[in-house]
Amino acid sequence: MITKTAEELHSLIKRVLLAAGADEGNAEVVAQHLVRSNLSGVDTHGIWTIPIYVAGMLASEILPAGKPEILQETPTSALVTGNWTFGHVAAKYAMEQAISKARTQNMAVVGIVQLHHIGRLGTYVEMAAAENMIGMVWGGGYGRVEPVSVPYGGKSRVLHTNPISVGLPAGEESTMMFDWATTALSGVKVENAYRRGEQLPPNSIVDKDGVPTTNPDDFFAGGGHLPFGAHKGYTLMMTAEFLGRIFTGTDSYAEAGRGGPIFLHQGVAMMAIKADLFQPFAEYAERADEMERRVRAVPPAPGFDEVLAPGDMEARTREQRRREGIPIAEDIWQSFREAAALVGVEIT
């Protein structure tokens with residue numbers, strides 16, 4: 001296991017991105033995002049992704065110096081194009097637009113098209129929560145070309161991992177936040193298990209015949225992801241597809257050679273809503289804090305040490321890793337070094 005401080009990791013990531021063609025501003029946004037993901041314990045969206053981004057830049061699927069811009073807008077909405085740059089840059093810009101509009105209009109929705117991987121969705125809803133707003137992110141379109149997920153009751157792939165995130169501010173307590181794929185496991189976790197020769201939890205994937213399996217080899221032999229929570233997760237997966245791809249109209253903005261097969265049709269819908277829309281924020285915050293405290297006060301069931309509110313684990317992990325450093329698995333570190341070498345950066 002390799003351990004790096006947040007500052008060390010930020011410097012290394014930024015160095016690689018700049019060498020691959022990113023400009024200063026974009027490299028800074030992406031480096032900040034990836035380090036925060038690793039700090040939060042979401043290692044699947046941290047330094048692990050650098051080889052994907054380097055390959056995308058070298059293939060011109062990502063335009064590393066591109067800048068997002070607004071295609072159309074109203075006082076309460078906007079459609080943003082990422083101009084095929086890093087998704088993190090486009091998504092940050094889009095949430096900033098949603099927050100700005102919601103300040104004067106109480107709520108706003110922003111769609112994003114023509115962008116690459118946006119990383120950890122929780123980052124964007126945390127931006128809204130920091131402004132005393134409720135934030136939501138819905139992503140879809142990833143399976144338009146190469147689906148990886150089966151629908152509930154089906155055995156053929158048709159959808160993807162379609163992520164969702166919601167963040168709700170509080171007062172003295174921490175932001176209540178969740179961020180997850182609508183599949184039982186993220187694609188990265190399945191890939192890691194495959195490379196490491198590990199088994200997967202039950203009810204995570206099916207084989208090519210639609211039979212549940214724990215062997216990741218079966219996934220890469222024509223199997224597929226399962227929705228989390230059976231039919232309930234499936235309905236949220238479909239909702240993310242509608243809001244992310246269909247609602248934003250992203251299919252009309254696809255361009256051959258850009259985004260790669262996963263992100264060519266990616267569409268993202270972001271929403272920001274003032275938490276004090278119906279009452280003074282002080283009253284909202286008091287009720288939010290009371291709810292979090294009431295949940296945490298529930299006696300833990302057998303096998304558990306305590307009850308947490310959504311977002312507690314990420315917040316605690318950030319504190320721990322700021323103190324102790326960010327652990328990085330040996331195979332992920334090696335992949336990072338190899339990607340860096342492709343753009344002339346030696347990582348020791």
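Before we click on anything: contact here means heavy atoms within 4.5 Å. Keep in mind that this is a predicted model, where local features need pLDDT of at least 70 and side-chain atom pairs count only at pLDDT 80 or more, while totals for chains, interfaces and linings use all residues. Residues are numbered from 1 along each chain as its sequence is written, and side-chain values use heavy atoms, with hydrogens and water left out.

Start with L17. Skipping its neighbours within four places in sequence, L17 is in contact with A22, A27, V30, A31, I50, M57 and F86.

Together with L17, they touch the most other members of the largest nonpolar core, which has 36 residues. A nonpolar core is a set of buried Ala, Val, Leu, Ile, Met, Phe, Trp, Tyr and Cys residues joined through side-chain atoms within 4.5 Å; buried means under 20% relative accessible area (1.4 Å probe, protein chains only). Which element gives the most to this core? Select α2: it gives seven residues. (Helices are DSSP runs of H or I, at least four residues, and strands are runs of E, at least two, numbered from the N terminus.)

Next, the sheet. Seven strands line up as β2-β3-β4-β11-β5-β6-β7 in an open sheet with mixed pairing; two strands pair if DSSP finds at least two bridges between them. Look at β2 (69–74) and β7 (176–181): each has a single partner strand, so one side of each is left without a neighbour in the sheet.

Finally, select β5 (residues 133–140) and β6 (residues 163–168), an antiparallel pair with four bridges. Here W138 stands opposite I164 in β6.

Terms used: Buried means under 20% relative accessible area, exposed over 50%, partly exposed in between (1.4 Å probe, protein chains only).
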